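Subject: A structure for you to explore

Hello,

Here is the structure I promised to pass on to you. Please open it beside this email, and then read on for what I found in it.

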Amino acid sequence: MAKPKKTARSKWKMIKNPIPWPGGANVAVNYTFDMDADSILHIAHPDDAATRVSTMSYLRYGPEVAVPRICDMFEAYGVPVTFFVPGWCVEEHPKAVERMLKGGHEVAHHGYMHELANLSTRDREYYWTQRTFEVIERFTGQKPRGIRQPWAAYSKHSSEILTELGIQYDSSLLADDVPYIIRARSGRELVELPINWPMDDWPHYVHNADLDYLMPIKSPREATEVYMSEFDVMWKAKGYWEACWHPFVSGRPARMEYIAQMIEEMQKIGKVWFCTMEDCAKHVRKLVDQGKYKPRVDKLPYKEARISQLAEDAIPLRG
Ligand SMILES: [Zn+2]
């Protein structure tokens, strides 16, 4: 009998360096929610946030109504969640944080006031990062193990500051499809659990003038189609699936109903490792340390300043 011909499909791989997940799972799934609450309004409009009551109510829906619902639902399915919470929001909305802890979910670092780290000096970034460390430790009894920089505004100093403070993973960058390693100039490392814009709920659902973000609102069916097409491919490719959502956005009834259906679908398909970001990062770190997995390593920062070709004034900057 003639040898079957190799198909085009069998000659290439979507993900070349799949990570061996626990229990032989095809995909690791991280559900994450950034509980920004009203911090983003105060920082955008420090002088008159107090008079923007409607938007403040829109945002405070997160800790007040959505977080308990999210916890109830994910716990019912036995799926853990990682919540990224700014230090100020921990102090302002302690009940929401207590609810997260009660359910055994992870509480991670998300700046102090949702500030842009890449607009700070190194000293200021260090100060606010450390201050949030103390707040989270005081409220949760544990130092944060991971961070997502607010607005994903990872700075050129972040790698050094975060590794100096003992952070084990970051989830702000987008340089790969599966977790990889960030190496700072000092040689210290972080595990990067990459984000991916189609998996963020803002572009699908957020429409608010005070936040200067006006997207045409999608139905949960359309957004779920985007999320699940990512899942289907990642499951087949033995990849990684990470949802970056927000309680005030995705914690509303119709969207939560579709999230519940999504979890049911994933559980039906099987071979899925539902984990916190902390557990995912620990798993990757362990494989790397034991020499069982060779990750891609990104050395940061990519650049220190303006690139030399542009300093020569040889290339017109515009036009
Ligand atoms: Zn945020």
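How many residues does helix α2 have, and how far does the helix reach from its first C-alpha to its last? Helix α2 covers residues 53-77, which makes 25 residues, and it reaches 35 Å, close to the 36 Å expected at 1.5 Å a residue. Before you go further, please keep in mind that this is a predicted model.

**Along helix α2**

Follow the helix to alanine 66, where α2 bends by about 50 degrees. A proline, proline 68, follows within four residues of that place.

Which residues of α2 are buried? They are Leu59, Gly62, Pro63, Ala66, Val67, Ile70, Cys71 and Phe74. The buried residues of α2 pack against several elements: the strands β1 (27-34) and β2 (81-85), and the helices α1 (39-44), α4 (94-102) and α9 (247-250).

**How α2 meets α4**

One of these partners deserves a second look. Helices α2 and α4 pack at an angle of about 5 degrees, and their axes are 9 Å apart. Because of that angle, α2 is roughly parallel to α4. On the α2 side, the contact is made by Pro63, Val67, Pro68 and Cys71, while α4 brings Ala96, Arg99 and Met100. Six residues of this contact are nonpolar, one is charged and none is polar.

Most residues other than glycine have a negative phi, and most peptide bonds are trans.

- Alanine 152 is not a glycine, yet its phi is positive, about 55 degrees. You will find alanine 152 in the loop between β4 (146-147) and α6 (158-164). Alanine 152 counts as partly exposed because it has 18 C-beta neighbours inside 10 Å.
- Aspartate 212 also has a positive phi, near 55 degrees, in a residue other than glycine. Its place is in the loop between β8 (207-208) and β9 (213-214). With 7 C-beta neighbours inside 10 Å, aspartate 212 counts as exposed.
- The peptide bond from leucine 300 to proline 301 is cis, with omega near 0 degrees. Proline 301 sits in the loop between β12 (297-299) and α12 (308-311).

Is glutamate 137 buried or exposed? Glutamate 137 is exposed, because 12 other C-beta atoms lie within 10 Å, and a residue counts as exposed at 12 or fewer. This residue is found in helix α5 (residues 122-140). Leaving aside neighbours within four places in sequence, glutamate 137 is in contact with Gln142 and Lys143. Glutamate 137 and valine 206 are 69 residues apart in sequence, and their C-alpha atoms are 31 Å apart in space.

Alanine 2 is exposed, with 4 other C-beta atoms within 10 Å. Between the C-alpha atoms of alanine 2 and alanine 44 there are 68 Å, although these residues are 42 residues apart along the chain.

Enjoy exploring, and write back with any questions.

Best wishes

Technical notes:
Residues numbered from 1 in each chain as written. Predicted model: local features only at pLDDT ≥ 70, side-chain atom pairs only at ≥ 80, totals over all residues. Helix = DSSP H or I, 4+ residues; strand = E, 2+ residues; numbered from the N terminus. Expected span 1.5 Å × (residues − 1). Bend = angle between axes of the 7 residues up to and from the residue. Buried ≥ 20, exposed ≤ 12 C-beta atoms within 10 Å, placed from the backbone. Contact = placed C-beta atoms within 7 Å. Axes fitted to C-alpha atoms, helices over the stretch in contact; angles between N-to-C directions. Parallel < 35°, antiparallel > 145°, perpendicular 65-115°, else oblique. Nonpolar A, V, L, I, M, F, W, Y, C, P; charged D, E, K, R; others polar.
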